[in-house]
Amino acid sequence: MDSFSSRFRPHLLRPRRRGIASVNSEVRDGIVPAADRIAQTPHTEDREPRGANYRTVALIIACAMFMENLDATVLATALPTMARDLGVKAPEMSVTLTSYLLALAVFIPASGAAADRFGAKNVFRAAIALFVAGSIACGLAPSLEGMTIARFVQGMGGAMMMPVGRLVLLRSVAKRDMVSAMSWLIMPALIGPIMGPPLGGFIVTYLDWRWIFWLNLPIGFAGILLVGRFIADVREPLQHTFDRGGFALSAVALGCLLAGFEMASRSGSGRLAASLITVGAVAGALYLRHARRVDHPVLDTSLMAVPTFRLSVIGGSFTRITQGAQPFLLPLMMQLAFGLSAAESGAMTLATAIGSFGMKGIAPRLLRRFGFRSSLIWMGLFGTAAYAACGLFRPEWPLPAVFAVMLVSGFLLSFQFTAYNTIAYDEIGKERMSAATSFYATFQQLMLSLGICMGATALHASMTLRGHARPEFSDFSAAFWVVTMMSMLALFANLRFDEKRRSRDQRTRRVNVRDQEPASGERRGSATTQAA
């Protein structure tokens, strides 16, 4: 056996527990939020499950994850029909997506502290109840404003539901069962995006779009009962005082900035948008000053001094702007420009989810073969080109060709997220993992939201300049190309990875072992394989 093969033999490598953080970040890029404070889970060799069998606990949490993930992917297909019933233009429905993601960005950093203070079981159950309450409000919403508020309430529940759910699992399952438990947990995150678009199209075409939210009720009510019956009240001592001041400042900053960018896409709202962005910028500056003065800020900006973490945040942020715009722009184009029904649109936009799913088994091989820097540079360029090609869609394009371009686009974008999410935590110590997951998850939500805002603003600006009452192919082309240019900026971060890292072989070696269990015949593989 040559030296290269010997270097990568799994049984010679020492497993690293902290790779679970990269798994959670990868799941987040499949719509589901990343977990917070995972590094605070006690790590003992003889830990036994508390209460129910780990499969039961994992399935309960997985059902909540499936409910949230399905809700998010189903909704995008229904936006044109919802806009018609609520009496607004289709591009204005972007606020229903950004309000949800904004709630995630604001409240995810508080999820771990809430679980430690009130008990993970109680917070998890309350989060499901809040998500269900938001679903009821969405189903009854009479206007766009009411829908926006209801979606924000849903997002508050989602921000607590998934991170705390993972925390329950990690604190309740024996180490020897963790790989199996995580596989039960992650599968819904992969199934949801595949089922969401066609299911949403079916509901909108043959039923009523409000059934998208009614579907959450039986799953949510069953989840509340099962949590009370099978999940133990697992608590851990508070590690430090929660940063209430920082939480308030970050909430104001994120809320005002995203609301301002969202308002910028609406006619006659320029002054209000400018005011909100100004308030958000001031609050953000005050938060940065605050974060330097406290020991445990809610969002630890000092993490940006870690080279690989900083480059992953910067490069991933530019790429996620493109990813955020994709599920908003594609269904609108399919229905408003191509004239497809909601069911046909859902079947077409399924391509990006299939592409993402197909990437899971290939990414580890590519990273081992070419390393992070080369992979991110070339996949970033190819992914940007594939997404820009969506702006070239016209009626004369055969639908199979459209489907193929969307498939490739989903594959390449998902590969980039896998690489970013894996390497981001490579130089983060266990004692800072909680802060790193919180910071990274917040930026994931923020950039996805910003992508929707930029896509909606570019679409609206093109319609205004061309005098179109409803978006046409040329307007969608402009929107696609504006958000695609943001992905190109990630190249500058990708080019710097080698300057801050060890050799490619050493870097890839660390990826291969990130989520393995001790060698005893059980499953082995890279962090990205475990994420799949």
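This is a predicted model: local features need pLDDT of at least 70, side-chain atom pairs count only at pLDDT 80 or more; totals for chains, interfaces and linings use all residues.
1. Overall make-up. The protein has 20 helices and zero strands. Of its 532 residues, 59% are buried. Among contacts with a separation of 6 or more, 84% join residues 24 or more positions apart.

2. Largest nonpolar core. This core holds 103 residues, and the members that touch the most others are Phe124, Met161 and Leu329. Helix H3, residues 54-86, gives the most to the core, with 16 residues. Leaving aside neighbours within four places in sequence, Phe124 is in contact with Ile61, Ala64, Met161, Met162, Val164, Gly165, Val227 and Ile231. A further core lies apart from the largest one and has 33 residues, including Tyr420, Ala424, Phe439 and Phe497.

3. Met67. This residue lies in helix H3. Met67 counts as buried because its relative accessible area is 1%, under the 20% limit. Once neighbours within four places in sequence are left aside, Met67 is in contact with Ile128, Phe131, Met161, Asn216, Ile219 and Gly220. Gly220 is 153 residues from Met67 along the chain, with a C-alpha separation of 7.8 Å.

4. Lys121. Helix H5 covers residues 120-140. Not counting residues up to four places away in sequence, Lys121 touches Val168, Val227, Gly228, Ile231, Ala232 and Asp233.

5. Second largest cavity. Which residues line the second largest cavity? The lining is made up of Thr319, Ile377, Gly380, Leu381, Thr384, Gln416, Ser487, Met488, Ala490, Leu491 and Asn494. Two elements give two or more residues each to this lining, helix H14 (363-389) and helix H17 (473-494). H17 gives the most, with five residues. By class, the lining has five nonpolar and six polar residues, and no charged ones.

6. Salt bridges. Side chains of opposite charge can pair when their charged atoms come close. In one of them, Arg84 and Asp85 meet with an N to O distance of 3.3 Å. Arg84 is exposed, at 60% relative accessibility, whereas Asp85 is partly exposed, at 42%. The other salt bridge joins the side chains of Asp475 and Arg466 at 3.8 Å, N to O. Asp475 is buried, with a relative accessible area of 0%, whereas Arg466 is partly exposed, at 45%.

Notes. Residues are numbered from 1 along each chain as its sequence is written. Side-chain values use heavy atoms; hydrogens and water are left out. A salt bridge is a side-chain nitrogen of Lys or Arg within 4 Å of a carboxyl oxygen of Asp or Glu. Buried means under 20% relative accessible area, exposed over 50%, partly exposed in between (1.4 Å probe, protein chains only). A nonpolar core is a set of buried Ala, Val, Leu, Ile, Met, Phe, Trp, Tyr and Cys residues joined through side-chain atoms within 4.5 Å. Helices (H or I, at least four residues) and strands (E, at least two) are DSSP runs, numbered from the N terminus. Contact means heavy atoms within 4.5 Å. On a 1 Å grid over the protein atoms alone, a cavity is a set of points where a 1.4 Å probe fits but cannot get out, and a pocket is an open set with protein on both sides within 12 Å along at least five of seven lines; lining residues have an atom within 4 Å of a point. Ala, Val, Leu, Ile, Met, Phe, Trp, Tyr, Cys and Pro count as nonpolar, Asp, Glu, Lys and Arg as charged, and the others, Gly among them, as polar.
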